[in-house]
Amino acid sequence: MTSPLPRCAVLDDYQGAALASADWGPLAGRVEVRTVREHLDGPDAVAAAVGDCEILVVMRERTPLDADLIARLPRLRLVVTSGMRNASIDLAACRERGITVCGTASGSEPPAELTWALILGLARHLVPEARAVREGGPWQSTVGTDLAGRTLGLLGLGKIGGRVAAVGRAFGMEVLAWSPHLTPERVAAHEGVRLAGSRAELFAASDVVSLHLVLSDRTRGIVGEPELRAMRPSAYLVNTSRAGLVDGSALLRGLREGWFAGAGLDVYETEPLPAGDPLRTLPNVLALPHLGYVSKANYARYFGQAVEDVAAWLAGAPVRVLG
């Protein structure tokens with residue numbers, strides 16, 4: 001029997017946390033809500049699983065909604081994405097089909113905190129040392145890298161980059177920043193941060209380089225072989241922003257050939273990261289499954305405002321509309 005209520009699917013609810021992170025009561029009796037915990041790999045799987053839905057709630061770029069897939073979802077009328085930017089949604093195709101796309105707020109604190117988890121994990125070899133303790137391995141087998149007195153290079157100094165800079169200063173690091181449109185005036189708003197003269201200078205002068213740029217046509221591949229080769233052999237690269245900022249083939253070569261000491265990664269061109277991907281096994285990579293925005297406070301924002309977005313759309317007055 002066909003449900004008289006519009007159907008809503010929450011996609012990629014990996015932890016099964018969506019319904020517990022917010023009060024969905026305002027939609028009770030108005031929308032039929034279900035969650036999909038497993039990742040739907042490819043348009044066929046998405047169309048088969050949620051082709052009956054008028055509403056989709058998507059988490060960041062976990063499930064791309066391009067024009068071809070949108071055409072295979074004829075009932076779709078509303079997409080809610082976490083955050084106010086989602087490059088994997090074809091907004092033009094949505095407009096053509098009369099589909100409303102809404103966003104939510106997103107905190108800059110969680111990804112900034114995770115950036116430091118990666119930096120500290122790399123510098124002090126936390127994963128191999130913790131594994132050795134758990135498995136009865138050697139008691140101390142590495143020598144950590146000091147951060148005080150070293151140089152932190154930030155490619156991007158927005159909300160997240162600014163928070164990362166402040167922590168770097170608290171650790172006693174020198175902090176350099178550069179981005180294509182970063183001005184001395186904007187840098188001056190961050191105490192103790194200096195503007196690098198060029199992208200090349202940033203990579204050559206830094207002991208840790210952390211990426212905090214928005215991915216766009218201008219920034220895709222902005223970190224290529226020249227930048228990675230310019231890094232010090234003892235330096236680390238950290239990316240909690242977007243994988244597309246870095247030339248993937250150059251990154252692999254650099255890690256394998258020792259152009260730099262290692263990388264802390266939370267973002268990948270294909271997610272989930274394929275089982276056979278070398279980034280899963282390279283010894284100088286600390287890889288996480290895109291946890292930058294995954295925190296209780298952020299999930300409360302995402303799903304709480306997703307409920308608000310759906311309710312407003314049902315009332316004929318959508319809020320936080322994108323595009």
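In what order do the strands of the open sheet of 5 strands stand? The order is β2-β1-β3-β4-β5, and the pairing is parallel. A further open sheet has 7 strands, in the order β8-β7-β6-β9-β10-β11-β12, also with parallel pairing. The model is predicted, so local features need pLDDT of at least 70, side-chain atom pairs count only at pLDDT 80 or more, and totals for chains, interfaces and linings use all residues. Residues are numbered from 1 along each chain as its sequence is written, and side-chain values use heavy atoms, with hydrogens and water left out.

**Terms for strands and helices**

- Helices (H or I, at least four residues) and strands (E, at least two) are DSSP runs, numbered from the N terminus.
- Two strands pair if DSSP finds at least two bridges between them.
- Strands of a sheet pair through backbone hydrogen bonds, either parallel or antiparallel.

**The sheet of 5 strands**

- This sheet has the order β2-β1-β3-β4-β5, and its edge strands, β2 (32-35) and β5, each pair on one side only.
- On average, neighbouring strands of this sheet are turned by 15° against each other, direction ignored; axes are lines fitted to C-alpha atoms, for helices over the stretch in contact, and angles run from 0 to 180 degrees between N-to-C directions.
- Strand β1 (residues 7-10) runs parallel to β2 and is joined to β2 by 4 bridges; the partner of Val10 in β2 is Thr35.
- Strand β3 (residues 55-58) is joined to β4 by 4 bridges, again in parallel, and Val57 has Val80 as its bridge partner in β4.
- Strand β5 (residues 100-102) and β4 pair in the parallel sense over 3 bridges, with Val101 in β5 as the bridge partner of Val79.
- In a regular strand the side chains alternate between the two faces of the sheet.
- Strand β4 (residues 78-81) is covered on both faces: Leu78 and Val80 on one side, and Val79 and Thr81 on the other, are all buried, where buried means under 20% relative accessible area, exposed over 50%, and partly exposed in between (1.4 Å probe, protein chains only).
- Helix α11 (residues 296-314) lies across β1, β3, β4 and β5 and runs at about 160° to β4; contact means heavy atoms within 4.5 Å.

- Strand β7 (residues 174-178) runs parallel to β8 and is joined to β8 by 3 bridges; Ala177 stands opposite Leu195 in β8.
- Helix α4 (residues 109-123) lies across β6 (151-155), β9 (208-211), β10 (236-239), β11 (262-265) and β12, at about 155° to β10.
- Helix α6 (residues 159-170) lies across β6, β7 and β8, at about 175° to β6.

**The largest nonpolar core**

- A nonpolar core is a set of buried Ala, Val, Leu, Ile, Met, Phe, Trp, Tyr and Cys residues joined through side-chain atoms within 4.5 Å.
- The largest such core has 30 residues, and Leu155, Leu228, Leu237, Phe260 and Leu279 touch the most other members.
- Two or more residues of this core come from each of β7, α8 (199-205), β9, α10 (248-257) and β11, and α10 gives the largest share, 4 residues.
- Leaving aside residues up to four places away in sequence, Leu228 touches Val223, Leu237, Ala250, Leu251, Trp259 and Phe260.

- In α10 the buried residues are Ala250, Leu251, Leu252, Gly254 and Leu255; their cover includes α9 (225-230), β10, β11 and β12.
- Gly258, with a positive phi near 75°, follows α10.
- Ala275 lies in the loop between β11 and β12, and Ala275 is exposed, with a relative accessible area of 73%.
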